[in-house]
Amino acid sequence: MSYAIETRDLTYTYADGTPALKGVSFGAEAGKVTGILGGNGAGKSTLFLNLNGVLTPQSGQVLLDGAPVSYARRDLPELRRRVGLVFQDPDDQLFSADVYRDISFGAVNLGLPEAEVRRRVEDAMVRTGVTALRDKPTHALSYGQKKRVAIAGVLVMEPSVMILDEPTAGLDPQGVSDIMGLLREIREKLGITIILATHDMDIVPLYCDQVYLLSGGRIAAGGTPEELFCRPELLRENHLRLPRIAHLMEILHDRDGVDVSRSAATISAARHEILGLLDQEP
Amino acid sequence: MGTDRCAYLSRLRRVDPVPKIWLALTALLLCVLVDSLAVGIFTLGALSALNLSLGGQKAGDLFHFLKVPMTFLIIGCLPIILRPIGTAEALWAFRLLGRWTWGVTAENLRLGLLVLCKAMGAVSAMYFLSMNTPMTDLTMALERLHVPRLFVELTELIYRFIFLLAGEAGRIRVAQEARLGYRDFKGSMQALGTLLSTVFVRSLRRGDRVFSALESRGYTGVLITLPGQYASGRWLYGLTAAIAVCQLLILAAERRLLP
């Protein structure tokens with residue numbers, strides 16, 4: 001098991017004295033999707049800004065592919081290239097009124113030749129499905145379209161790790177499954193390691209391979225989604241909840257004494273459990 | 001926002017903005033510099049025709065935009081045409097309160113119409129540019145024409161974020177109205193004050209987030225981007241020259257026919 005990105009005892013305190021990270025240690029496996037769960041103010045956004053070098057940790061280490069990261073000024077561009085960050089509100093990220101030019105920004109900053117920048121922009125637009133939006137101004141796009149353009153703007157840097165802060169916030173159900181499908185495709189076709197922060201518990205068992213629970217600037221738990229769902233009290237302490245299906249399984253198991261696995265959190269896992277009870281082969 | 005919406009639909013949308021700027025600018029300068037009524041009318045007609053034929057704009061849209069400055073100009077030119085004339089020979093005159101003679105002289109009429117036609121010609125040249133060139137292309141072209149980078153970057157950021165701020169202010173206003181703000185003058189002033197301060201504070205915070213986002217994409221102090229590929233607009237230079245020649249010919253003809 002190799003980590004694409006790993007932190008050891010990472011601490012960060014804001015200038016006004018608010019401690020945001022108090023020794024965070026976690027790792028995101030290469031080529032996998034790692035979820036970071038946590039209520040509001042748990043430190044998710046601060047952690048991400050540290051990983052990408054916008055903020056510099058006070059102590060602790062970040063390792064990229066096993067090698068410690070340097071936060072020296074001249075090494076920052078390379079760190080920011082390798083760890084791409086997609087912000088929660090695309091209106092914070094898209095600074096240009098021209099879709100094409102906004103996407104090109106990261107690639108131009110890498111100092112690539114023009115032909116290479118154009119190739120990457122075209123490629124990123126095709127992958128995120130925004131080619132048809134190239135002639136539209138940013139302010140005419142829908143929220144979901146802006147989110148795709150923001151992702152394309154990070155893809156042009158060809159990062160090895162892509163971090164997304166609440167990628168599904170503010171999207172309708174169709175938008176959520178479109179964006180998550182896009183992320184799955186990016187992971188599978190480009191092999192990019194994905195880290196995402198979310199409150200949306202129902203997408204966790206569907207898309208995450210590993211999850212960490214961030215609480216008060218510390219990692220409170222980590223493991224596969226199923227492992228975490230076996231500790232619902234921990235989730236509830238942190239203003240989170242079980243996915244709806246896992247909650248149903250918990251009630252069936254604890255209150256009704258039905259012999260189902262409490263960790264079944266997706267429709268297909270629940271279907272398997274129910275058919276098992278009925279002695280039918282799925 | 002007005003002409004900008006047309007620009008994104010224009011047939012000249014993908015054409016290099018620099019020749020478009022030169023065409024509009026040349027026509028505008030010639031129209032303003034030579035004192036000729038006929039050149040003004042010609043510029044208005046020619047640039048409007050180009051706007052419709054090359055840009056593919058709708059005549060209704062163009063007329064809609066021309067109407068606004070036209071109203072102001074007509075009102076503005078009236079006092080030039082109709083004013084105290086003393087003892088000069090008048091085409092039409094009347095006595096005001098029995099003491100002053102007001103009226104229209106041939107000279108004043110010519111002057112008023114000249115101002116009107118020159119201004120409308122200039123306006124149509126600007127509309128040709130702004131209805132066929134999106135703002136972002138225009139700022140990009142300014143940079144190529146060696147306008148200071150700081151100015152260009154500020155223009156671009158302001159243009160992008162003005163839509164967000166306007167949207168935010170609109171939403172706050174609706175929320176205030178839903179709670180009975182703006183009912184009387186005093187309440188309106190209070191609500192407007194709160195709205196402005198909220199928008200200000202929010203934009204400060206947004207500014208911080210935008211800066212973080214720029215940094216995370218490798219921002220080092222200059223906002224350099226690559227525009228989409230433009231279609232060459234060199235043929236527009238030929239058109240620019242043709243229009244300039246026509247303007248000068250019309251000027252010469254006017255001078256000869258009307259002494």
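How many Å separate the centres of domain 1 of chain B and domain 2 of chain B, taken over C-alpha atoms? The separation is 36 Å.

This is a predicted model, in which local features need pLDDT of at least 70, side-chain atom pairs count only at pLDDT 80 or more, and totals for chains, interfaces and linings use all residues. Residues are numbered from 1 along each chain as its sequence is written, while chains are lettered from A and ligands numbered from 1 in the order in which they are written.

**Chain B, whole**

Select chain B. Domain 1 covers 3-133 + 230-257 and domain 2 covers 148-216; these bounds come from an automatic or database domain assignment. The chain has nine helices and three strands, in the sequence pattern α-α-α-α-β-β-β-α-α-α-α-α. Helices (H or I, at least four residues) and strands (E, at least two) are DSSP runs, numbered from the N terminus.

The C-alpha trace of chain B spans about 70 × 55 × 35 Å along its principal axes.

Of the 259 residues in chain B, 29% are buried (20 or more other C-beta atoms within 10 Å of the residue's own, with C-beta atoms placed from the backbone).

**Helix H2 of chain B**

Next select residues 17-33 of chain B, helix H2. Its 17 residues reach 24 Å from first C-alpha to last, close to the expected 24 Å (1.5 Å times one less than the number of residues). The buried residues of H2(B) include B:Pro17, B:Ile21, B:Leu28 and B:Cys31. Show helix H3 (37-53), helix H5 (106-130), helix H6 (135-144) and helix H9 (235-257) of chain B as well: these are among what covers the buried residues of H2(B).

**The sheet of chain A**

Move to chain A. Here an open sheet of four strands has the order S2-S1-S4-S5, with antiparallel pairing (two strands pair if DSSP finds at least two bridges between them). Strand S2 (19-29) and strand S5 (67-68) of chain A are at the edges with a single partner strand each, so one side of each has no neighbour in the sheet.

Select strand S1 (residues 3-13) of chain A: S1 pairs with S2(A) over eight bridges in the antiparallel sense. A:Thr13 stands opposite A:Pro19 in S2(A).

Finally, select residues 44-51 of chain A. This is helix H1, which lies across S1, S2 and strand S4 (59-64) of chain A and runs at about 65 degrees to S2(A). Axes are lines fitted to C-alpha atoms, for helices over the stretch in contact (C-beta atoms, placed from the backbone, within 7 Å), and angles run from 0 to 180 degrees between N-to-C directions.

Definitions and conventions
A residue is buried if 20 or more other C-beta atoms lie within 10 Å of its own, exposed if 12 or fewer, and partly exposed in between; C-beta atoms are placed from the backbone. Two residues are in contact if their C-beta atoms, placed from the backbone, lie within 7 Å.
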